[in-house]
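Please read the points below with the sequence and the structure open beside you. They are set out as separate remarks for discussion.

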Amino acid sequence: MAKTTHHNEIPLGPPTHIGIGVVAPHDMALDAELWRWVPPQASLFFARTPFDPLPVTLEMVESLGDETGIRSTAQQLMTIAPTVYAYACTSGSFANGRAGERAVAAALMSAGGAPAVTASGAIVSALGHLGVNRVAIATPYDAEITIRLQDFLIESSVAVTGIAHLGMDANMWTVPYRRTAELIRLADSPEAQAIVVSCTNLPTYDLIAPLERELGKPIISANQATMWAALALCDLPAVGPGQRLLARPRPTTRD
């Protein structure tokens, strides 16, 4: 005999979620890592910029900051009506300086009609939130792109006290945690109040808390800062046990 379903057994759902529209570069491979910072109340919706066969050079990352391409990619998400947009590309948002970073954020906002953050802008906001103005930087990039990050931070009133980079031009997502940890230790200096780990394609989630305990200072990674800043605009906390940035009372849209 078939079972009957009573009206009071039907759940009220589906649950509603706050949408975060993520505009990512074509080679983004760490969607799953971004989700690790996201609480149950939120969902990520991804759109990628058009494929570009260039290796990760300064020429390529400057092209990733193209406002027209970013605006067009963000428009793919308009039907979903995200609460906030995030540009999940660090180098593409710092390669053209602070003016370029602001232009990327403005392109996202004009396309989607919602507030927007960029990975590099989120890093600067995170450093300000922690009261940090002297950092070491660790990147998987070549020297030329890494120096462009240093210039961006200096333009943002953040001094750079140490630099280490891997010199890679592809496949950053394949770097093992142990190698990234060695890179961060190499970049660190006694003068640095925190360490910035650039590139949204470099895995960092499980490294942050243990290395903060080891080195005794905050570690701000691109993906962590991006999710922290985007979720703050939604009045939601990022999920990252033991991570110093997330332990400090966060800003909200009402601050």
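1. Ala81 is located in the loop that runs between helix H3 (67-75) and strand E3 (84-87). The model is a predicted one, and in it the phi angle of Ala81 is near 55°. That value is positive, and Ala81 is a residue other than glycine. Is Ala81 buried or exposed? Its relative accessible area is 55%, and the term "exposed" applies over 50%, so Ala81 is exposed.

2. Asp235 belongs to the loop between helix H10 (222-233) and helix H11 (244-247). How accessible is Asp235? The relative accessibility of Asp235 is 22%.

3. The next remark concerns Thr118, a residue of strand E4 (residues 116-118). Thr118 has a relative accessible area of 1%; since "buried" means under 20%, Thr118 is buried. Which residues does Thr118 touch, leaving aside those up to four places away in sequence? They are Tyr87, Ser93, Glu101, Val104 and Ala105. With Glu101 there is also a polar contact of 2.7 Å, which joins the side chains of Thr118 and Glu101.

4. How many cavities of 30 Å³ or more does a search of the whole structure find? The search finds one. The volume of the largest cavity is about 130 Å³. The lining of this cavity consists of 15 residues, and those closest to its centre are Asp27, Cys89, Ser91, Cys199 and Asn201.

5. The composition of that lining deserves a separate remark. The residues lining the largest cavity comprise 10 nonpolar, four polar and one charged.

6. Which helices each supply at least two residues of the lining of the largest cavity? They are helix H2 (58-64) and helix H4 (90-94). The most is given by H2, with three residues. Viewed by domain, the lining takes at least three residues from domain 1 (18-119 + 224-246) and at least three from domain 2 (123-222).

Conventions: Residues numbered from 1 in each chain as written. Predicted model: local features only at pLDDT ≥ 70, side-chain atom pairs only at ≥ 80, totals over all residues. Heavy atoms only, no water. 1 Å grid on protein atoms, 1.4 Å probe; cavity = no way out; pocket = protein on both sides within 12 Å on 5 of 7 lines; lining within 4 Å. Points joined across faces, edges and corners; volume = space filled by probe spheres on them. Helix = DSSP H or I, 4+ residues; strand = E, 2+ residues; numbered from the N terminus. Nonpolar A, V, L, I, M, F, W, Y, C, P; charged D, E, K, R; others polar. Domains from an automatic or database assignment. Buried < 20%, exposed > 50% of the residue type's maximum accessible area, 1.4 Å probe, protein only. Polar contact = N/O pair within 3.5 Å; in protein donor to acceptor, adjacent residues only side chain to side chain. Contact = heavy atoms within 4.5 Å.
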